[in-house]
Amino acid sequence: MESRDYDYFEANAADVILEDITSSKYNRQILQQLRDDDLALISYYRGGHEMFNNRITVCREGGVYVSGSRHIFIISEGDDLGWLGYFIGRSVTLQCLCIRELPADEGGGQQMNAFFDGLARNQSIQRVEVNKLGDYGSIALLMVLSRWSQLEELIYCNNNLGPNGCSALGLCSNQENNIGDDGVAAFAHGLRGNGTSLKTLGLGDISIGNEGLSALVAALSNSNCSSLEILDLSENDFSLAAAGLRSLSDWLQTAVLNLNQLRLRECDINDEGLQALCVGATNHCKDLDLSENDSITPLGLRYLSTSLQSVSCRLENLYLCFMNIGDDGAELLARGLISNKSLRCLHFRGEYEDDISITRAGWSTFSAVLCDTSSANNTYLSNHTVQGLWNEYHHADEDFDIDEEIVLYLRLNKEHPQYAARCKILMNHTHLDMVPFLRWGLKCLPLAVGWFESAKPCTTLSIYENYSEYRRRLLDESEEVYQSRVLTVLYEFVRGVPKEVLERSDSWLSWLYGGGI
């Protein structure tokens, strides 16, 4: 058979007949689009926003994808993978490539070799998603990744390897059906050339353990991943990975990066592992997903609560979905929010209320955190940052036994954060005691009156009610009633320091009638 290296494809590209190297009209259309480098391929969207202009998916026949889609190349008899790899390699507009379970070819074969050799020459692909790639594919992909300096996102999940693949990646032969610790170390080593460009790294469900996690962290430390924004290690087994999680925490604290999301969903993390992870994760990530780690008890949540109280905490979203939080856990987490100024949403979610085991008593602990009504000062010091305690698609008042005032305060924090503290004070303290301020005499009077002026917009604010299109007023208070509050403050100062009022009556009255209120 004629040797088919890159020079072969380059020499025959102008004359090749697409019908001769494809099995269907849909595959021919994809090759035509790749050869022409047009912009007709389906865009890749995330969160409702277009992320990449061009995307194709390559998968074996019999996969889960439906034939006929204009961006899915389904490999069947008659398809030449060498040409597919060549056209992908020469494309300058293709940005997203998904590989879903290539045909079995343990020895690699000429077509598979040519396919990956073509991929390695591409300099435009920014996102790669790989699933069930197998032995040869995973090994070949390592060589490709080392040459892709432009890669921004790599999702490598659920890639089962047999003994041959494990051996090639340096694994013990008895670690079948996973990539394992040594494998992830080799894989991370292959990412060294992508360090400065890589923004998203997903290594979910590939049986990483303690040693693999430590090896991954070491590789990332040596790769200068300063651009990394999302790290997803979900569905690996970290039940005995306290040391690995500690190395991850240490790396987060010392590395020069701006990690936005750390996903550790369903990793069997226990209390010891959470203690090792907490400081680095809460102080250096915006989103932390610990959902479905059922081994975490109130002891572990206590460590998390302490980290949330730190002034260094920068966490904005904490996901604890489908976990047996319980009332004790809810109280600990509520305590962590007392002085927290960064967290926007604490995501509790379950198909049923029993999935998180928080009763009305547990939810009530959040009420005092959101608005401590014991004094006006404590109300001011309450949490005005948290905007949600559940998944945004849940109706808390329907799904959970929660006091309406909790829902009210959360909506207030979300819709009117700049007025939240002042609104809560006016809503819960009809009379503000001025006695503590009388020690400074009339010096505090302009400040007190000025506070009421700054809080006056609260009388016109409204929020959505009961997840409907209708809005309700926060303060059902007339202009006259509000003005009486100001006059009450003036009266208390006059009554409290009458001598100073008489001594400074001329200047004080001049300020008063000159527009002081």
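Q: In E5, what is the bridge partner of Val58?
A: Ile99. Bear in mind that this is a predicted model.

Q: Which strands does that pairing belong to, and in which sense, parallel or antiparallel?
A: Strand E3, residues 55-60, pairs with strand E5, residues 96-100. The sense is parallel, over five bridges.

Q: What is the strand order in the sheet?
A: E4-E3-E5-E6-E7-E8-E9-E10-E11-E12-E13. That makes an open sheet of 11 strands with parallel pairing.

Q: Which are the edge strands?
A: Strand E4 (72-75) and strand E13 (345-347). Each of them pairs on one side only.

Q: And how many degrees are neighbouring strands turned against each other, on average?
A: On average 5 degrees, with direction ignored.

Q: Switching to helices. At what angle do H9 and H10 cross?
A: Roughly 15 degrees. Helix H9 covers residues 242-254 and helix H10 covers 271-284. Their axes come within 8 Å.

Q: So what do we call H9 and H10 relative to each other, roughly parallel or roughly antiparallel?
A: Roughly parallel, because the angle is under 35 degrees.

Q: Is the crossing left-handed or right-handed?
A: H9 passes H10 in a left-handed crossing.

Q: Which residues make the contact?
A: From H9, Ala242, Leu245, Arg246, Leu248, Ser249, Leu252 and Gln253. H10 brings Glu272, Gly273, Ala276, Leu277, Val279, Gly280, Ala281 and His284.

Q: How many of those are nonpolar, polar and charged?
A: The contact of H9 with H10 has eight nonpolar residues, five polar and two charged.

Key: Residues numbered from 1 in each chain as written. Predicted model: local features only at pLDDT ≥ 70, side-chain atom pairs only at ≥ 80, totals over all residues. Heavy atoms only, no water. Pairing = 2+ DSSP bridges. Helix = DSSP H or I, 4+ residues; strand = E, 2+ residues; numbered from the N terminus. Axes fitted to C-alpha atoms, helices over the stretch in contact; angles between N-to-C directions. Parallel < 35°, antiparallel > 145°, perpendicular 65-115°, else oblique. Left-handed = near helix turned anticlockwise from the far one by under 90°. Contact = heavy atoms within 4.5 Å. Nonpolar A, V, L, I, M, F, W, Y, C, P; charged D, E, K, R; others polar.
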